[in-house]
Amino acid sequence: MKKSALQIARAAYQPKLPKALQGAVKVSEGEPTQSVDNQEEIQKLFPNTYGMPVIEFVEGEPQQQPAINVGVILSGGQAPGGHNVISGLFDGIKSLNPDSKLYGFILGPGGLVDHKYMELTADIIDEYRNTGGFDIIGSGRTKLEETEQFEKGIEIIRELGIKALVIIGGDDSNTNACVLAEYYAAKNYGVQVIGCPKTIDGDLKNAQIETSFGFDTACKTYSELIGNIQRDCNSARKYWHFIKLMGRSASHIALECALQCQPNVCLVSEEVEAKAMSLDEVVTYIANIVAARAADGNNFGTVLIPEGLIEFIPAIKKLIAELNDVLATDEAKTVAREDQIEYVKSHISADNLAVFNSLPADVAQQLALDRDPHGNVQVSLIETEKLLSHMVADKLAEMKAAGKYVGKFSAQHHFFGYEGRCAAPSNYDADYCYSLGFNASRLIANGKTGYMSIVKNTTAPAQEWIAGGVPITMMMNLERRNGKMKPVIRKALVELDGAPFKYFAGKRDEWARQTAYVYPGPIQYFGPSEVCDQSTKTLQLEQA
């Protein structure tokens, strides 16, 4: 395989490891834990893995460790740094005993069920160190929730002599890890299950998990592109660029990119919901900023839009919730696709029908027809950036007729999604991911199951990072999925009283009127630490 100059240079990079993981470790236990909500129900569902303490690794005495076989699964969407989690896990189990083996299950959890795997040897691992993507073994979105799947999995686990399974994924994937850990514990199968926090969306975070891996690299990748557009925008001075960014359930990416680039407008879904804004109010907000800049002779600008925005507009959120329930029924699943819109219209409430009928036809169609594997609306398919720019154009025409707008409005549209998911990890993600994987090996060696690997204090130098584990049940609550209440890890939304949003809110009026663009440029891998090793602005503000 031919390699670029960057790949060759990056292969030599040795990720930094916390001092706490550089030698022998022992476990320091905290207090017993409980789930974030629905404590009684969650405890009943997870009697064997509920209430365990948060743990931290501290310096311990060296001990002889037996060889151990470990399985690893990449689950869900890609995120920069996954290969370093695997290389950290590999180096970690080999440092405990060189005879330990690592098996990768092919194309996600389905590989475990279908017995598709490969042994990951040093030669293979070395090809993938510090690289982006999940292509070492591939990823998949098979949900592990059926007894038949668990039993099929245990067959290959026993055949390969695997004692522990590491599932690298987001909130849904780690929910699966928790369910699997509970099942194996209840059956006394002697198989540990450890999770690792992955998602570029940044919504797998809480008091124990500072950030999900991949968020740093993805945001730096998108911010480079936004900065390039802003430079072009400020050069041509004739376009408004509407830029949709990944982040269905939360606006962390949009907010982080705004903090890095200082655009004229950045919508935050959580604020739109909190203020109960209508679609027209969102459009008016943007149009007023366009008009104000036009009054200064600036007929150009940038607008950042989280992909899940449409779901956070209260009237549309209420509509989507009913659509999800209506379309989850057995009857709905038998309706022909061409008849589905009429079926939906005849089965929703009058209020929701009015909202449905008020939407542009293509948006209404996408809401009614397209679903993801969890039964939810595929909001990434809704071209919110085009919807908003067209509605802003109409609003500006009204304002012009009323003498409230003098200017020209021309829009360009962008969606940055896949561009950020497989980028070569930043130094921060390369180090963080390697530490998460290495740390997972220590959780395994200390007999833990139902835990997520965590590394904290990451705005400090890597030497000072804190490593340990958090029980996955601690992050769980019950939520409606496919029409039923199910245990899931609670997503972390942008906190409107948190430091990152407060800083943004204090600056946005200035950024709206002025051309205060910042151009972050490409991710830097070599050079001074203040350029190469910085974490996200979000994390810096949270930990200030």
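Let's start with L89 and the residues around it: L89 touches V70, V72, L102, V166, G437, F438, A440, S441 and I444, leaving out anything up to four places away in sequence. Please keep in mind that this is a predicted model. L89 has its place in helix α3, residues 82-96. Is L89 buried or exposed? With a relative accessible area of 1%, L89 falls under the 20% cut-off, so we call L89 buried. For a sense of distance, take A354: L89 and A354 are separated by 265 residues in sequence, and their C-alpha atoms lie 53 Å apart in space.

Now to the sheets. What is the strand order in the sheet of 9 strands? Reading across, we have β1-β2-β13-β12-β7-β6-β3-β4-β5, an open sheet with mixed pairing. At the edges sit β1, residues 25-29, and β5, residues 117-119, each of them pairing on one side only. On average, neighbouring strands here are turned by 30 degrees against each other, if we ignore direction.

Which helix packs on this sheet? That is α19, residues 427-445, and α19 touches β1, β2, β3, β6, β7, β12 and β13. The direction of α19 makes about 135 degrees with that of β12.

β1 and β2 run antiparallel, joined by 5 bridges. If you'd like a pair to look for on screen, V25 has E59 in β2 as its bridge partner. Moving on, β2 pairs with β13, again in the antiparallel sense, over 2 bridges. There you can find E56 standing opposite G468 in β13.

β6, residues 162-169, and β7, residues 192-197, pair in the parallel sense over 6 bridges. Look for G169, which stands opposite P197 in β7. Then β3, residues 69-74, pairs with β4, residues 101-105, in the parallel sense over 4 bridges. In that pair, N69 stands opposite K101 in β4.

How many residues of β7 are buried? The count is 6 of its 6 residues, so to speak a mostly covered strand. Both faces of β7 are covered. Q192, I194 and C196 are buried on one side, and V193, G195 and P197 are buried on the other.

There is another sheet to show you. A handy pair to click on is I243, which stands opposite L304 in β10.

α9 is mostly covered, with 10 of its 10 residues buried. The buried residues include H252, E256 and Q260, along with I253 and C257. What covers them? The cover includes α8, β8, β9, β10, α20 and α22. So that you can find them, α8 spans 215-236, β8 spans 240-245, β10 spans 301-306 and α22 spans 537-543.

The crossing is left-handed. Who makes the contact? From α9 we have L255, A258 and L259, and from α20 we have P500, F501, Y503, F504 and W511. By class, that contact has 8 nonpolar residues, no polar ones and no charged ones.

Technical notes. Residues are numbered from 1 along each chain as its sequence is written. This is a predicted model: local features need pLDDT of at least 70, side-chain atom pairs count only at pLDDT 80 or more; totals for chains, interfaces and linings use all residues. Side-chain values use heavy atoms; hydrogens and water are left out. A crossing is left-handed if the near helix is turned anticlockwise from the far one by less than a right angle, and right-handed if clockwise. Contact means heavy atoms within 4.5 Å. Ala, Val, Leu, Ile, Met, Phe, Trp, Tyr, Cys and Pro count as nonpolar, Asp, Glu, Lys and Arg as charged, and the others, Gly among them, as polar. Two strands pair if DSSP finds at least two bridges between them. Axes are lines fitted to C-alpha atoms, for helices over the stretch in contact, and angles run from 0 to 180 degrees between N-to-C directions. Buried means under 20% relative accessible area, exposed over 50%, partly exposed in between (1.4 Å probe, protein chains only).
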